[in-house]
Amino acid sequence: MNIKFRSHTIILTKQTLFLKSSIGHFEGWILDLYPKDQHMIVWLKTRNGKTIRLVDSWQQFFYVAGEYRDLVNLADRLHVEEMSFEEKFIRPDDDQPSTVLRVPARNVQEAERLAERILVHGRCRLYELYNVDVNSSQLYMYEKGIYPFSYVNLTVNRDQVSWQLEDALDSTDYETPSLREVTLSAKIRKKGKLPAQTDVIESISATLGNGAFSSDRGDEQQKLLWLVELLKTLDPDVIYTSNGDDFLFPYLAYRAKVNSVADQFILGREPSPLRISYGRGQSYVSYGRAYYRPSPVRLLGRIHIDSENSMLYKDCGLPGMIEVARLCRIPMHRVSTTTIGTSMTSAQLYEAARLGVLIPWRKTNTEDLKSARELLVADRGGLYYEPAAGLHESIGELDFTSLYPMIMLTKNLSSETIRCECCPDSKNLVPELNYNICEKQVGIVPKSLQVLLEKRQQYKKLKQTTTDSNRLSLYEMRQAALKWILVCAFGYLGFKNARFGKIDAHIATCAFARKVLKDVVCLAESKGFKLIHGIVDSIWLKKKSATEKDYLNLKDEIESLTKLPVSFEGIYRWIVFLPSKIHRNIPVLNRYYGVLRNGKIKDRGIATRRHDTPPIIDRCTREVIQVLAEAENALEFHRRLPLALEIVCEYVHILRSGNVPYRELVIRKRLSQDLAEYRHMVLQAVAANQLAMENGTSNAGETVQYVITNNRSRLASKRILALELCKNNQAYDVEAYVNLLFSAIETMLMPFGFNKTNLLTPICST
């Protein structure tokens, strides 16, 4: 096929192979896999760039545990072919396997329907169910010992595949295939202010490397079929979109249906039309914050990444996603569309499967009963030492590396190991609580964390030694992805639906962390250091005339004492710990900014770290910090404060000119609930309502963007305007943004007597 783009013509040949022979030997990387008609379809990427479709006969099963006579009775009533009795471990701490009923299912949906029937039959008390809702592709990989982007050597004999892994999961320099990556977008001939599915396609565009392809001629049917043929010819492995899950693909699928080409609208490698679930996505709450995840669009045989809705891709790129897919044994399309916790859970499920332990459908082992006194001692969270608000100089910072996950690993904390029945006299006890910890077996949670922690440590070391900028970037993205996984590990230990989590293990981790911090502070003070601030896994210390060597020696002693890895961040030229705006005498634990002797700036809890800060205010605060960062000590810091105020004044004049582009003024806010549930029309709810009036949708957990247009209006609907409705010369409320700027600067300079009324306003009003 000849394809024209810009002023060149290229000729592409089809790279995808559907096996014609029933016997063969192949090598390559696992790109994608999914179940179909009691088979597993696996797409392999070879070294020569070919993509091969493999078919492996495979059946999914779930398991039912209970009294033997009840299982026999259930088998008689179910009337499902190929059921059988097997011996399986149903709990991680079981010494002997139990007799369970193995029930085949065509897919997860059928397994869940049958499981519900079984629960009803057993009146929710006779049976326990296992392996019901585990993703089919993941179960297959657990059984075969493979994972996405692993290099495999395999033999196909009719519809049976024999796998041999030629890869090492703990490798830091593993090879990945050369992927063909395409970015898709579309222009829409809008009738209203917002695009709608009823609007006509103006053009469809795709980019591959430096090549740009566009179809802006002909009718809609021709444009849609052009896209189908283009993807067949380009044969991409990865397709990027912006809001592809939420809008682009549902829109294109709808236009294909309207133009009677829905059956021909094939965008994946599998010869099946694009199917869209038109139901709303999922809103969920994590750590008190609402999030929204749109229904994912699946392109079979390819990897679709919605760059707007994939948090992991935004932070860690494709290399980070591949790292997670490999270590957690979860398909790439799920890595892109599900939560970090889902990926981390998959690593735990694999460990259970490897040990021959069944995976519970619904968690039952949540928390042991506690007295009120015991609960008072147990439920205490992390430990912190308040800082003295204000400016400090020559302070050193030491941080524990992945403290909570490392405690979970080294102390063997898992649901089955805390207060186990097999080791009542264990010498391993939880501080303060005296819970016994199993000495006979390593828990599933620690097993799943080991390779994650080890590889992150290796990547951090490689970052310090490599001189290759490409490899440095690669290591950074991979370790950042692992950091996200490890951050979730502790939270999931106490999550109500975590399969192998338990509240008792969660609070035990906190108890160990409190002891670690207290022991470290005692050790530091015994060496002549003064504690300035300490919060959970970080401490700031000061010692007169202390050098980096003194801090490194202390670091080594802390590691020897705690058996946990510690990093020395460096010595600060100066650092400012900030107080509460409401209670000026009370410091905020995680709000500070400072500069290390090597020039690195660290900031937490201020405007530069907030997602809702307008770009122009973010830029101003960064410039202020940059000017202050040139100070070598506290005295120079004070001398440079007037220069910082000059920068603020410059930005005030820019704002008051009225010529700031509206995109520099955008405020981003997350909806904490659905629009109908808001009792008061806060500004983010107003923006969501404006979009709803234009047939737009906003769900709990989604982010809305708006510009303040008239903050003094009595009508909430007139105070702001949703970003999507703004015009190029959009007017804005000048003083509202000046006040936002003053508020951001006041937070930073409050310890030095600066506030919105006594200094900034008089200076900036001139």
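**Entry 1: the cores**

I began with the largest nonpolar core, which has 110 residues. By nonpolar core I mean a set of buried Ala, Val, Leu, Ile, Met, Phe, Trp, Tyr and Cys residues joined through side-chain atoms within 4.5 Å. Buried stands for under 20% relative accessible area, exposed for over 50%, and partly exposed for what is in between (1.4 Å probe, protein chains only). The residues with the most contacts inside this core are Leu54, Leu154, Trp163, Val430 and Leu541. Helix H13 (residues 503-526) gives the most to this core, with 13 residues. My helices (H or I, at least four residues) and strands (E, at least two) are DSSP runs, numbered from the N terminus.

A note on what I am reading: this is a predicted model, where local features need pLDDT of at least 70 and side-chain atom pairs count only at pLDDT 80 or more, while totals for chains, interfaces and linings use all residues. Residues are numbered from 1 along each chain as its sequence is written, and side-chain values use heavy atoms, with hydrogens and water left out.

Which residues is Val430 in contact with, leaving aside its neighbours within four places in sequence? I found Ile418, Tyr435, Ile437, Ala508, Ala511 and Phe512. Contact here means heavy atoms within 4.5 Å.

**Entry 2: helix H17**

Next I looked up H17, which covers residues 683-693. Its buried residues are Gln684, Ala685, Val686, Ala687, Ala688, Gln690 and Leu691. What lies over them includes strand E27 (667-670), strand E28 (703-708) and strand E29 (720-722). After H17 I came to Asn695, whose phi is positive, near 70 degrees.

**Entry 3: Thr345**

I found Thr345 in helix H8 (residues 340-354). Is Thr345 buried or exposed? Thr345 is buried, with a relative accessible area of 15%.

**Entry 4: salt bridges**

How many salt bridges does the structure hold? It holds 42, each one a side-chain nitrogen of Lys or Arg within 4 Å of a carboxyl oxygen of Asp or Glu.

I looked at Arg298 and Asp32, whose closest N and O atoms are 2.9 Å apart. Arg298 sits in the loop between strand E18 (289-293) and strand E19 (303-306), and Asp32 in strand E4 (residues 23-36), so this pair ties together parts 266 residues apart in sequence. Arg298 is partly exposed at 23% relative accessibility, whereas Asp32 is buried at 3%.

Then I turned to Lys144 and Asp56, a salt bridge with its closest N and O atoms 4.0 Å apart. Lys144 is in helix H3 (residues 136-144) and Asp56 in strand E6 (residues 51-57), distant parts of the chain, 88 residues apart. Lys144 counts as partly exposed at 32%; Asp56 counts as buried at 1%.

My last pair was Glu116 and Arg362, at 2.7 Å, N to O. Glu116 lies in helix H2 (residues 108-121) and Arg362 in the loop between H8 and helix H9 (372-378), so parts 246 residues apart in sequence are tied together. Glu116 is partly exposed, at 36%, and Arg362 is partly exposed, at 45%. I also noted one network, in which salt bridges that share partners join Lys45, Asp235, Asp237, Arg269 and Arg302.
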